[in-house]
Each structure stands twice: as C-alpha cells, then as structure tokens.
Amino acid sequence: MAEAIATPPAREAATEKTSLITGSEAIAIACQLADVDVITAYPIRPYDTVMQYVSKLVANGEMDCEYIVAEGEHSQFEVVKHACACGARVFTGSSGVGWMYAMEALTVTPALRIPVVAMVGNRALDDPGAFGVEHNDALAVRDLGWQLVWVDTAQEALDTALIAYRVAEDRRVFLPCAISCDGAFLTHSQGIVKVPDQAKVKQFLPAYDRGDLLLHPDNPITVAPQANEDWLMEIRRQTAAAMERSPQVIREAYASFEKIFGRSYGNPFFEEYMTDDADIVLVGMGTLSMPVKVTIRQLRAEGKKVGFVRMRWFRPFAAEELAKSLGRFKAVGVIDRDFSLGAPYSSGVLATEVRAAMYGAGAQQPVIGFIAGLGGREVTVPDVRRMSEIISAAAEGKRQPPTQWIGLRE
Amino acid sequence: MAVSDRELAELTHLKTPQKLDPFKGVKKLPLEEYFTSGHRTCQGCESALVMKLMVKAAGPRTIVLGSTGCMYVANTTYYSTPWVVPWMHTQLGSSGSAALGASAAVRALIRKKKIKDEPINIIAFCGDGGGADMGVSGISATLTHPEYNCLILMYDNESYANTDIQLSGSTPYGAHTTFSPPGTKKRIMHHRWKKNFAAMMAAGHPTCRFVSTVCMSYPVLAMNAVRRALSIGGPTFIHSLDPCPKGWDYDPMLSHELGEIAVETGIWPLWQVEDGKLALIGKTRDIADNRFKRRPVRDYLLKQGRFAHFTDDDIDYFQAKVDETWKKWVVPGVIPIAKEVDNDAPPV
Ligand SMILES: Cc1ncc(C[n+]2csc(CCOP(=O)(O)OP(=O)(O)O)c2C)c(N)n1
Ligand code: SF4
Ligand SMILES: [Mg+2]
C-alpha cells in the first residue's frame, strides 16, 4: 500500500503491541483506546465478558470512565443514551433477550440521533434456553436506524470498534452502531491481535463533538418534543438521510484507518474469499467464515470453483456493490444464522435482503437460502459441502427448494 | 448511614455541590421563569405548576429530562416548547436512568476536563405511572448511586392522565378512571390502595440523602424541597401530589384548595427525610402534634367526580384506612408498618 510507506515498519513495531486475546477483550481495549466516558453493564452471556474486562481496566486505573452496573438492560441503554446526549462518548452492549429487554431504548436512540456504540454478543433468543449464537437479536433493530456490523476475528472486533466510533459520531451520521460478535466463537475465542498505539488512535478518532445538539445549560435546546403527524415524517426522513450518508462515511473511515494503522480491510462492506474465478458463492456473516473457508479450500483442491462473501455491514446494506459482485456467479447460496418466520420463501433475513439487492439490480441467478448453525450449533465442513452441492445443482439449472435447513436432525 | 460531606465531595468531584439557599417566602422569589408560555395543559393543571416552580427553584444551570406523560405530550410541542432550560424527552419508565446518564456524563466530562467545571443541576421528572409503576426499578437503582448528583421528581396526578385517565398504582382506592368505571354490577372496580411511594424510596435507599413529599398548594415549601434536593449531593427524590381537574373531575378553580384538603385530611402527609432523619412539615406536623384536627375525608372525596359513585359505606371505609395510617403505623402517616398485629393470638 502506498500510504503505508509514510510509517516505517520499525516504528510500527515499537508502538504496536501484540496480544493473544478474545473478541470481547479486544473490544474492551478499543473502549480504553477510544477514551470512552460512560459505560453501562448488565450480565448476560456471552457479551458480558467485555464488561468483565472493562471492569478490570477501571479497577486497575487503566481506564477513566463512569462505569455503571445497571439494574436491567432497559436502564443500561437509557443511561448511555442520556449520557451521550450530554456529550459523553459511551459504550454498552448485550446479548439475546437482554438486547430485546432494551428494545424501547434501542428504538428511540437512532431517532434522537445519538451515536451510542454497543457490542452485541450474538445469542439465541430463549425460550427454549440457549447461550449459543443466533443473529436474530441484533437483526431485530435492522429497520430502526442502527448501523449493524458483523466481525469475524478479535482483530477485526478491535479495529471495527474504533471505526464504529468514528462513523457513529460523524456529524453527517449521528446514528448508533452495534458491533455483532458471534457468541462463544468470537466472544470467548482468542486470537492474536495487534493492539494499536494510543497516539495513532487519537489521530484516527476525533473527540466526540455533539455541537448544537448538546444537552447543556449553555445550549438550552428542547430535544424530542411532541411532533405528531405535523412533523414526524420530515424528521424520519432526516434520520433516513443520515443512514444514506453513512456508507460514504464508512468508506472514509476505512481509508483513514488503513492510512494511519497500515491495516487494510479492502471493501469495508463485505469480504470476498476466492471469488475471482468462482462459479458459485456462499454468502454469510460472522464466524461461520471459518468452516466455510476451510471447506472451500478442500473443494478447490477437488477442482470446484466455490467462493465466499462475508458480509460485514448489514446496515447500511451495500446493495448495489453486493449485487454487482454477486451478479458474476452462476448461483448464490446465503447462509442465515437467523430465522424470519413467515418471510418470503421462508428464508432467513440475509437471504431475503440479498435477493432484494440482486433482483432489484436485474440479476437472474438462483439465490438459495440456508438456515444453519442456530443456537450455536456448529456449521461443519460436511454442512458446507452439502450447501455447495445444492448451489452447484442450482447453477446447472436444477430447481432447488428456495430455503433449506442444514445440519438439522430429521 | 449518611455519607459525610467530605466523602461526598470526593465522590462527586464537584468541590461544592450547588448551594441553593431556601427562599424566604413568596415575596422573595426570583422573577425569572424557566418554564414559560407554549404548553397546552388543562386549565387548573397543578402538574404544570410543579414544572414551573421546580425549574424556578433550580435556576438556569439546569438540565431537565421529562418522561412521557401529560408533562411531555401536553407540555412540550414541537416549535412551541415552554422550556427555557435544556430539556429532553425520556421514555416512560426511564426517569431514573435519564438522571443517572446525564449526571454520569457531566461528572465524567468535568473530571476529564472536557467541559467547564461547574455545578449543573440534573432533574428528571416522571408521572406516577412512569415513576411508581413502570420506573420503579430504574429510580431505585439511581437512588443507590451516591456519586451522582441528581433529583428525580415524581408528579403524581394519580392516574395515567395523558392516555385518558387510567388507574395506576398511585390511584386512590375506588376512584373512577377509564379503566375502572363504576358499573351496574360492580360499583368499585379499583380495589387497590395507593402505593406509599416516597416512603418506599426513603426506607429502601439508605445512602439517598433527601426524600420529600410536596404539594404545590404550599409552593414555597415545595420549591425549598427542590433546592435542598439539588444542594445536598447525590441522588434525591421528591414526590408531589397534583390535583388534576380532568382526571379527578372537579372545577379547575379548586385545584389549590384540593391540595390543601389532601394535606388537612391526612391523606397526603408532608414530610422529608434528610440524612435518615424524618421531619413532618407544615400542617402535617400540626396534625401529628395534635395542634390541628384532621378534616374528614368526606370533605375531599365529595368535591371530586371520580368518587361520585361512593356510598356512605365507601366513604367510611376510606376514612378508616386513613385513620389507620395515623393511629397504627409505626411512623404515623409515613411508614405503613403497625406496631402490633390486631387480635394477635400467640401460637400454642
Ligand atoms: C412504554 C410505554 N407504554 C405506554 C405508553 C403510553 N403512555 C403515554 S403517556 C402515558 C401516561 C403516563 O402516565 P403518568 O406517568 O402518570 O403521567 P401523566 O400522563 O399522568 O402525566 C402512557 C401510559 C408509552 N408512552 N410508553
Ligand atoms: S389531564 Fe390532568 S395532568 Fe394532564 S394536563 Fe390536564 S390537568 Fe394536567
Ligand atoms: Mg399520572
């Protein structure tokens, strides 16, 4: 990369340190680096590991913030919402039903244009009880103005948390952002992480400036008065416009990230793996990339040209770019670690969105939906092989059921 | 039990919490208003008066957070806000977390030198529905955080007024609301006794330094309670009883008088707990010291349409329950625990 030349590798090594840490710890460190002012915690697995790390940083004097253990997720999210309205950089998070318990607060936060950054340790929505990953928790807010991003590794978790602050707190956006980390597979799994240098983080991440929206006696504004049908639609449109500006701000943030830290993520919105010459692709989010990539390498050895597209940003959804990329392949399989009961073709959320993006752009290829890995069940190599076979058959013109549950006991 | 001033100063990082001396009578009140024209509450709305006098007592260096309810919907319309101080809507059950969040932000930003170091009053208000029903968990949590300066004020018009007068946990026994209409088979649809909310807050939060009941029929007392609550440090709680002409069904000109009668009948005792010490106030103190004879509750009930279906028996029952609070409670009018159980039969 041309920009990386500006920072000699030797200096890089001196300032960055390398640690073996989990996805949760990586996000806690991002909060420390971002000099977060107010953090609220409430226990629910698996996200709560991030707060265990945060509390240690606070206890050891390594982080200066108000650290509040709330009495429920509703308060957890309401506390940071108000703190953020008063000019504080904030962090919180939840999982599964905890996230749903906060739903009212989640609903109003984007409408108030408050850039809360949260971590979702994705978890099944019990009942019946399950700690494992499912994406329905974070996806529940997909229509409300939350920016939603899924990460795959501890490194990506740390980097994306910094990027999330930069994007959310950009005046053009001022919308909250939730970073989804698959429960257990990422929240509790360690990886080697390059921890960026504080000075560079300062360079990358400007101070949060709420400007003329700040709630402070020097700026006596009235926030969220009763608007009714008289003005609500115009205000909704403003929020929508903010979301529409978000992709450009995301692009700028990734470009600047690469320049300052020397780490590139390529296309910010989705990662492509072995797609250049692929005939068919699988699409998915989060840590299922691991079994998918392993299987693809096996399939490639057998001469089968399969690729993988891992979605990072689900909101905003990069529909045009994705449609352009996926339009190159003969058939597309979308792996949903979620369900959307009663949806078109009984597909999962992601498959429905991918179809909307592709067919809206005039694509004709078959798009097959797979429901897999619910409740934390592993998506295995044989599962991925099975999905690849189905997509190959679809590519050859053999009609396939539009949605199939994979790895299900009969 | 109470935190010392020095400890509190350390905890709060505000060397001097705001010093708001008591007002010395109506004629000594400042002229400035921070809640002005623009609101659309009913004529005779006492809750609107609470808003006005609450911020008058607090002054301009104040942030107000208001829960959903009449004091939001009828009060704060887009393009015609009555608030001169910064104001933000908060969700129905969020007054506790709103106060906590704003106070935490101010504390962190001052400590980290991101904003000017000065005392800023944080007030979150809620109605009885948003507070004593939905908001209990959040309010209670906030009152356990001694390091955050804030006041939670619950204006109690004894119903979910904004949604057309439904019964709440603070609605008095037997009252006619749109969820408890007297019918042909059932005269009394609401059988629950009103929650004793302020005492619950005082008794349940030993490090909360100030809890008080108020009524705007005694405006200087009420404003001074606000000033004390904002000066003492840490989270504080005020519970105000607000006659509501629409919900209680009476002529708006009676608002002020009904507040007085509520106190004089002993239905609404005025008291405060400061650093664990209880003081009965005004007429309530006179009742306790036998200087003033409680008026019969009939005087109060019969002035309000919401009790128009009451029979003499209902009124007697209501009177007996109020008498109980004065004769049997361990702290008359405040703590609803009897000294001894009636007809107590020891186990054989
Ligand atoms: C979560 C939620 N549930 C219900 C409502 C509907 N609602 C709006 S105002 C209100 C009444 C609130 O009553 P109270 O807190 O006593 O305030 P008041 O209207 O009496 O002033 C209700 C129930 C809401 N806004 N939010
Ligand atoms: S209904 Fe009651 S509380 Fe609401 S505005 Fe009217 S008088 Fe005030
Ligand atoms: Mg009410």
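Accessible areas here come from the Shrake-Rupley method with a 1.4 Å probe, and for residues only the protein chains shown count as cover. The views below show a predicted model, in which local features need pLDDT of at least 70, side-chain atom pairs count only at pLDDT 80 or more, and totals for chains, interfaces and linings use all residues. Residues are numbered from 1 along each chain as its sequence is written, chains are lettered from A and ligands numbered from 1 in the order in which they are written, and side-chain values use heavy atoms, with hydrogens and water left out.

**View 1. Chain B as a whole.** Chain B exposes about 14,400 Å², and 56% of that area is supplied by carbon and sulfur atoms. Its chain carries 13 helices and 10 strands (DSSP runs numbered from the N terminus: H or I of at least four residues for helices, E of at least two for strands). The radius of gyration of chain B is 20 Å, close to the 20 Å that the globule rule gives for 348 residues, so chain B is as compact as a globular protein of that length; the radius is taken over C-alpha atoms, and the rule is 2.2 Å times the number of residues to the power 0.38. Of the 348 residues in chain B, 59% are buried (under 20% relative accessible area; exposed is over 50%, partly exposed in between; 1.4 Å probe, protein chains only).

**View 2. A sheet that draws on chains A and B.** Here 9 strands form an open sheet with mixed pairing, in the order β9(A)-β2(B)-β1(B)-β3(B)-β4(B)-β6(B)-β5(B)-β7(B)-β8(B). At the edges stand β9 (222-223) of chain A and β8 (277-280) of chain B, each with a single partner strand, so one side of each has no neighbour in the sheet. Look for β9(A) beside β2 (residues 87-90) of chain B: they pair in the parallel sense over 2 bridges (pairing needs at least two DSSP bridges). Within β2(B), B:Trp87 is the bridge partner of A:Thr222.

**View 3. B:Gly135 in its loop.** B:Gly135 sits in the loop between α5 (128-133) and α6 (136-142) of chain B, and is buried, with a relative accessible area of 0%. Beyond its neighbours within four places in sequence, B:Gly135 is in contact (heavy atoms within 4.5 Å) with B:Gly93, B:Gly129 and B:Gly130. B:Leu92 is 43 residues away in sequence but 7.4 Å away in space, C-alpha to C-alpha.

**View 4. B:Ala320 on helix α13.** Helix α13 (residues 312-327) of chain B holds B:Ala320, which counts as partly exposed at 42% relative accessibility. Its C-alpha atom is 9.6 Å from that of B:Val297, 23 residues apart along the chain.
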